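Grab a pencil and work through the exercises below. Each one comes with a worked solution.

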Amino acid sequence: MSEPLLKIDNLHVEFKTGSIITRAVNGVTFELNKQENIGIVGESGSGKSVTATSILQLIPSPPAKIANGAIYFKGKNLLELSTKEIRKIRGNEISMIFQDPSTSLNPVFTVGNQLIETIRAHKKVSKKHAKQKAISLLDLVGIPAPDKRIDMYPHEFSGGMRQRVMIAIALACDPKVLIADEPTTALDVTVQAQILNLMKELQEKLAMSIIMITHDLGVVWETCDKLLVMYAGRVVESASVKDLYQQPLHPYTWGLLDSQISEEQNSSEPLASIPGSPPDLSYEIKGCPFVERCPYAQEICYQKTPQLNETTPGHAVACHFQTSEHQLERKERGYSDGDTT
Amino acid sequence: MKKFLIKRIFQLIPTLFIVAVIVFFITRMLPGDPAAVMLGPQASAEDVAAYSERLGLNDPLHQQFFDYLVNLTRFDFGNSLNYNQPVADLIMERFPNTIILAVSALILAILIGVPAGILAAKKQNTFIDYIVTTLSLVGVSMPIFWLGVMLVLLFSVNLGWLPSTGMGSINEGLWPFLRHLILPSLALATIPMAEFARVIRSSMLETLSNDYIKAARSKGLKETIVIYKHALKNALTPLLTVMGLQFSKLLGGAVLTETIFSWPGMGLLIVNAIDRRDFVVVQGSVIFVAIIYVVINLIVDILYKVVNPKINLDDPHGGGN
């Protein structure tokens, strides 16, 4: 395969508050190819959002600091670019949409103003021309009567419509990569599906790649090709969506899958959950970060941190017991016996 | 908007009525007989009594109060006991001077206070931020009479650069006019300047932590646009409130500043009138100042709408969704 479009290489991000250093991202590595959709899943605090916002260096610094690693986009390391150079990439070649559309749009400017300024930040076009483009973008994302809606303020739009506006802004300069940080979390379930369909449709139409960050596995099944499961600032498993669903390997992924509501779910049965909580990242983690919550933990898990290794082509896992010669079996629903926390 | 204006103008009536009542009775409670003060210590008891009679001070209080209210509705503030001129004329003579002083102090406060506050917010927890926060704390807590005297000592007495008192006429040229204006407006600007810096700093800090700021940066906008367009317009609402309050205070007559620098404005007029028991002038000026207060408040409310399109002035619950 040719060179990937975006390559995250051994990324480390730290947050420093007083004398405490929290290692939010701990050596994340992955590649994104042209027109590929990658999903990053994990619970709150697993470092998925920090990873994504680090790509465009939008994490607040201080307190955050990219301590190590590289982010290659079209062969250039984004972390070595000047502020001016990274600004030319933001919103132009790599765009982002955020979790809550009601707070990501500036309430005191019309949506047209916010669209046009993005276009004019990157392209030398007249105001009139930019407005035409803005109207066609609003039309593209399915906003009715875009020539009238363009002069309205964000509070005059519904939640789903606002997210469509955010998508229109993100697509203003035909980006190669769209980073979507939990784009449906703040929306109603019915609207979620509409937004996901729209993103999928636009991804095909505009031939871009998407990094979808979510804690909702349902979202990734529908939209992504590849999945990264993150835990405690590391990638613990990465595979194609199909492999991950049919043959999950990491005990944490099992836990995640088991805690989904399935169609066969008996309503009297409690929903499975993973006991315990993620480790405190302000301490150095020795051994496997999941060890305290893993029902299969052995001596070695406390001693040595497992590395992410490919077991089959395209399927990698960070677990001492998931090598090709020695594999744990996933026990259906046997994961959290009687534990309902 | 129209409904809002009509409602607000009707609300002015009870407010001003209450002010009129309070002012009337307070001036009547001032110790000392106005007629005696006016005629001086050499006057005989008969002269004082005759003069009191002429001023209507011997009428029953309710009669005086009624006359006063009737005159007010005709915008007749009565005749000054001291200057023997209509109070309205006195106010119109003095008020422009107060406007000059207040507006220049306000401009000075905005030009220095607002950029300083924005800078402090941008550079939060750095040396610059500490300097701005410390200076603005000193600024709001500094007694103006002390600052005024110190300015006079330094610039007028020691350095001899600027006049210590009075007001220059614009007819004599711009420089003599400005020379007289610098010290009083600087003294008067100190508190609002510090106040503006504090308010805009904290409201910018709050605004900068919003998602739409991160979103604006993610679009590849220049940092100056992010700060001065996206953040500043959102941070303006609290500043407008403070600006309105400060400006109406300045216009209401900066009593201390005008006294220290003998600036012939409303403040000095009121102070002198109180000295001479010229209660007619005190009543008239205080009511006039009250009108200025409410009018500026009304203008500020209208400006809220300009800064924040979510505010619906006709909706009592604030509008938006």
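**Exercise 1.** Find the bridge partner of A:Asp181 in β8(A).

*Solution.* Start with the pairing: β7(A) (residues 177-181) and β8(A) (residues 209-214) run parallel, joined over five bridges. Strands here are DSSP runs of E, at least two residues long, and helices are runs of H or I of at least four, numbered from the N terminus; a pair needs at least two DSSP bridges. Within β8(A), A:Ile213 is the partner of A:Asp181. To get from β7(A) to β8(A), the chain passes through helix α8 (residues 189-206) of chain A in a right-handed β-α-β crossover, that is, clockwise from first strand over helix to second with the strands pointing away from the viewer.

This is a predicted model: local features need pLDDT of at least 70, side-chain atom pairs count only at pLDDT 80 or more, and totals for chains, interfaces and linings use all residues. Residues are numbered from 1 along each chain as its sequence is written, with chains lettered from A and ligands numbered from 1 in the order written.

**Exercise 2.** Which strand pairs with β7(A) over four bridges?

*Solution.* That's β6(A) (residues 94-97), again in the parallel sense. As a landmark, A:Ser95 sits opposite A:Leu178 of β7(A).

**Exercise 3.** Are the faces of β7(A) covered or open?

*Solution.* Take one side: A:Val177, A:Ile179 and A:Asp181 are buried (20 or more other C-beta atoms within 10 Å of their own, C-beta atoms being placed from the backbone; 12 or fewer would be exposed, in between partly exposed).
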